[in-house]
Amino acid sequence: MPTDNTILELKDVQIAYGQIQAVKGIDFHVSTGELVCLIGANGAGKTTTLNAISGTLPIKSGEIRFAGQDISKLPAHLRLRQGLALVPEGRGIFTRLTVEENLRMGAYTRDDKEAIEQDLERVYSMLPRVKERLAQVAGTLSGGEQQMVAIGRALLSRPKLLLLDEPSMGLAPLVVEKIFEVIQTVVKEGMSILLVEQNANLALEFASRGYVMDGGRITLAGSGSELLNDPAVRSAYLGEA
Amino acid sequence: MYELAEAVPWLGSRNPRAARGVVLALMLIAPMIALSAGNTWVRILDFALLYVMLALGLNLVVGFAGLLDLGYIAFYAVGAYTWAFLASPHFGLHLPFWIVLPAGAGFAALAGLILGAPVLRLRGDYLAIVTLGFGEIVRIFMNNLNHPINITNGPQGVNMLDSLSLFGWDISRHIQITDDFKINSLVLFYYVFLLCVVGSVIVIRRLQLSRVGRAWAAIRDDELAAKAIGINVRNMKLLAFSMGATFGGVAGGLFGSFQGFVSPESFSLMESIAILTMVVFGGMGNLGGVILGAIALSLLPELLRSVALPVQQALFGHVILDPEVLRMLLLSLAMIFMMLLRPAGLLPAHARYSRPELAGAGRITE
């Protein structure tokens, strides 16, 4: 249940693309320092939900509360200033800028130069692979490296909550593991994360709590291990008969 | 400037400072060389500089912010007609240039906002179609606003526009220094235009390095990600349209003063496309490339014209291909060869939107 410690809370949120209702009234919350994952099949409304939280998609009704404030009507660029950073699906890096420029763009809204440099160093130490390629044009990186740049860029805005949309999409299993290592490091440093994943197994293993979405509704909720052991989840999303 | 200097063959990569000197010297003595070939060539150079300004402005929208604009000539028209309305016998107004030119720029910027607002959500093909329509609407308005109230004087256009006078000098007149030495007015216009181009380059360079320039680069590469890192995409797009339009408006005002006459036919769709070709041909997003593209594509057709006519006369006894047809043929061929040989343009844009001097140098780590 939502408490004082809640950083993000959705109350009966509905989202529609024109006539098509994509999300049909969902409630969930994320507490500070938690890694919460949202799993579900294709078309369940996961990405839609994430985009609505980040403000790139308007909601039809309901309420999104972030750090105690109603942000439902706030435009996307102002939500970032409140501490909400999105790593979009398909990574969304700036392909024609260099890796370093991509990372620095994350600090677009900040003007505390020294702190930015410190944060950059922190990101470099977290992502050694990225550090080796700072002067390279980001579009020429591998998928995994691009994903890391995207996460690093989001961290540079010093968010309170990080929204990750399918970080494992299209990546080799080994690379996915690397990405999840990074995510774990970030969580250990006290960041709150809302993770949308199709790779339910991996996501639930690391998540403190999880929600299962199906057809625009949340059908199941529980701790990571509970969901991981739930027979319905196992058969529907973990590929077991 | 850096990009242009780098492009100087052989010298560019060895001694950039000397190369920069060469570029500067060429810019300064160009009208003298042209003058020895006749007034026509100085006039062509003057127009080349106007095209450079237009290409620089369009590059801001297309190259920096990634918004395809096929109606850019409309802003040139707004600038030119502002000059026609405020400094000609048409309305009996003869305001000085320091009012008329900023007014033209301001009206063009406003037109940029008017175009920008409804197309905010459009991208790619859809954006191209709407901007194309906008350009045509402006031209058609100028063509038809002579009835019931005569505002633009219709297809006849407005003539006897005031010339540019600086500190009481009318630069459309030759300056007689001694009996046999005078400064040609076309040369004077060249230097005034050159000054404007240099000013534009400085302003655009600063813009490119600023937060605004970075925001445009981000929007160009990924709009959703740009929003996600806190960029106000709507405002930045509007700013791109209106800033780009401003340069078009200034160029239009200068065009009006230079030509002394404006009519709607100067602002056809083909002109928009010609300017876009210059930007793409030279290298979208790279100031040096854009300048080179504009100069090359405004001089080459003229060179061709001066060669093709006599050659056709000599070979066939009459002219088979009209120079205007040849111009379009040349533009198309230039584009086709460009796509095949150098898809990013003559001078491709650096990855670094800022600090091109650091490109490839990488970051010194430890």
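Reader: What separates the centres of domain 1 of chain B and domain 2 of chain B?
Author: The two centres, taken over C-alpha atoms, are separated by 27 Å. The contact takes six residues from domain 1 of chain B and six residues from domain 2 of chain B, where residues are in contact if their C-beta atoms, placed from the backbone, lie within 7 Å. The model is predicted: local features need pLDDT of at least 70, side-chain atom pairs count only at pLDDT 80 or more, and totals for chains, interfaces and linings use all residues. Residues are numbered from 1 along each chain as its sequence is written, while chains are lettered from A and ligands numbered from 1 in the order in which they are written.

Reader: Why is strand E8 of chain A called mostly covered?
Author: A residue is buried if 20 or more other C-beta atoms lie within 10 Å of its own, with C-beta atoms placed from the backbone. In E8(A), residues 192-197, six of its six residues are buried. Both faces are covered, with A:Ser192, A:Leu194 and A:Val196 on one side and A:Ile193, A:Leu195 and A:Glu197 on the other.

Reader: What makes E3(A) and E8(A) a pair?
Author: Two strands pair if DSSP finds at least two bridges between them. Strand E3 (residues 35-40) of chain A and E8(A) have five bridges, in the parallel sense, and A:Leu38 stands opposite A:Val196. Strand E7 (residues 161-165) of chain A also pairs with E8(A) in the parallel sense over five bridges; there A:Leu162 has A:Ile193 as its bridge partner.

Methods
Domains from an automatic or database assignment. Contact = placed C-beta atoms within 7 Å. Buried ≥ 20, exposed ≤ 12 C-beta atoms within 10 Å, placed from the backbone. Helix = DSSP H or I, 4+ residues; strand = E, 2+ residues; numbered from the N terminus.
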